[in-house]
Amino acid sequence: MSLVKLEYIWLDGYKPTQSLRSKTKIEKDFSGKVEDLPNWSFDGSSTEQAPGGSSDCVLKPVYVVKDPQRKNAYLVMCEVLSAGGTPHPSNGRALIQDDDNDFWFGFEQEYFLWDTATNKPLGFPEGGYPAPQGPYYCGVGANNAFGRHIVEEHLDACIEAGLNVEGINAEVAAGQWEFQIFAKGAKQAGDEIWIARYLLERIGEKYGVSINWHCKPLGALDWNGSGMHANFSNGVLRTCGSKETYDKICEAFRPVVKEHIEVYGADNHLRLTGKHETASIHDFSYGISDRGASIRIPLATVERGWKGYLEDRRPNSAADPYKVAAVIIKTVKSAVV
Ligand code: ADP
Ligand code: MN
Ligand code: MN
Ligand code: MN
């Protein structure tokens with residue numbers, strides 16, 4: 001018999017941005033299958049999820065992977081339920097209406113590696129700034145790439161855990177990086193992003209480096225913000241072969257800009273300025289290959305005869321992928337095609 005460490009992971013109830021919480025449960029044996037995991041509970045009064053007088057919230061395991069960094073251990077992504085067993089208001093995963101996994105999502109998660117001593121991104125000298133943006137995007141060398149050891153360790157951890165990470169790259173600002181995760185299924189994509197975020201946070205602990213998920217951590221200065229572009233498709237987008245259908249689906253996003261921006265991450269008005277490869281938060285636009293549009297139609301989709309996917313460029317780095325997916329699915333389904 002060997003004891004197994006199960007790290008139950010969930011999202012707290014903080015507004016406007018939820019954070020990861022977790023605690024360890026020791027079990028005697030575990031099959032490795034999520035359906036064999038028991039529900040558990042936690043003190044919701046410490047996470048803005050319940051009043052102190054009736055504090056128990058329920059953790060319902062929904063996705064499990066091997067923990068690549070701990071002996072005999074698993075990472076268990078959980079949904080939060082209220083005491084009565086219904087989804088807690090903080091539970092964005094429960095909003096996803098995609099039972100047949102028709103929707104595929106590829107998220108591009110950008111973030112800054114943040115020096116906890118200087119309170120600046122890695123690569124920023126104390127009391128000043130590094131050279132302006134230019135050499136950092138996909139850059140190499142000690143003057144251009146900062147924190148690669150952390151990024152590499154994270155990539156290996158994601159692969160070992162079995163997450164479908166598709167790539168990494170250094171981003172436009174110094175100390176800014178990106179990873180991409182793709183899944184055939186919106187819940188799965190959200191689960192994998194959250195587990196990947198968890199692994200990154202935990203690796204950062206080892207080096208005294210925190211992960212800054214804010215979409216514009218350097219304010220209005222001439223440094224890029226961080227996004228989480230949501231690439232998405234459903235059966236129709238993958239097979240229709242019709243420009244008209246693509247237009248109808250894109251147009252369905254126009255009247256619901258506000259509803260989308262509400263879940264696309266806090267402080268997005270600071271990032272969606274129309275500069276730095278973004279569209280203004282006040283406009284809605286879409287276009288082929290257009291990185292200044294709200295929604296980009298990738299050139300490859302057009303070249304394949306209007307079969308492929310769309311990229312909503314508005315979600316930011318701190319957005320909840322569950323809520324982003326839920327609203328995109330709702331809007332795509334509302335298009336009459
Ligand atoms: P860029 O930086 O040029 O916007 P990336 O290569 O970083 O592009 O990201 C593109 C994303 O699109 C990847 O995460 C990929 O998985 C995703 N993707 C590709 N095809 C589809 C599809 N059919 N449905 C949903 N997402 C897709
Ligand atoms: Mn990218
Ligand atoms: Mn990017
Ligand atoms: Mn992109």
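Biologist: How many residues apart in sequence are the parts that Glu-311 and Arg-296 tie together?

Modeller: In this predicted model, the side chains of Glu-311 and Arg-296 meet in a salt bridge of 2.6 Å, N to O. A salt bridge is a side-chain nitrogen of Lys or Arg within 4 Å of a carboxyl oxygen of Asp or Glu. Glu-311 lies in strand E14 (residues 310–312) and Arg-296 in strand E13 (residues 295–297), so the parts that they tie together are apart in sequence by 15 residues.

Biologist: What pLDDT do side-chain atom pairs need in this predicted model?

Modeller: Residues are numbered from 1 along each chain as its sequence is written, chains are lettered from A and ligands numbered from 1 in the order in which they are written, and side-chain values use heavy atoms, leaving out hydrogens and water. Local features need pLDDT of at least 70, totals for chains, interfaces and linings use all residues, and side-chain atom pairs count only at pLDDT 80 or more.

Biologist: Which residues join Glu-311 in one network of salt bridges?

Modeller: Arg-313 also bridges Glu-311, with the closest N and O atoms 3.0 Å apart. Both Arg-313 and Glu-311 are buried, where buried means under 20% relative accessible area, exposed over 50% and partly exposed in between (1.4 Å probe, protein chains only). Shared partners join Glu-311 to Glu-277, Arg-296 and Arg-313.

Biologist: What is the relative accessible area of Glu-79?

Modeller: Glu-79 and Arg-93 meet in a salt bridge of 2.8 Å, N to O. Glu-79 is in strand E5 and Arg-93 in the loop between strands E5 (73–81) and E6 (104–115), 14 residues apart; strands (E, at least two residues) and helices (H or I, at least four) are DSSP runs, numbered from the N terminus. Arg-93 is buried at 9%. Glu-79 is buried too, at 8%.

Biologist: How many degrees lie between the ring planes of Tyr-8 and Trp-40?

Modeller: The structure has 16 aromatic pairs. Rings of Phe, Tyr and Trp (its six-membered ring) pair if their centres lie within 6.5 Å; planes under 30 degrees apart are stacked, over 60 edge-to-face, the rest tilted. Tyr-8 and Trp-40 are 5.2 Å centre to centre and edge-to-face, at 75 degrees.

Biologist: Which residue lies over the face of Trp-104?

Modeller: A charge sits over a ring if NZ of Lys or CZ of Arg is within 6 Å of the ring centre and within 35 degrees of the ring normal. At 4.4 Å from the ring centre of Trp-104 lies Lys-184.
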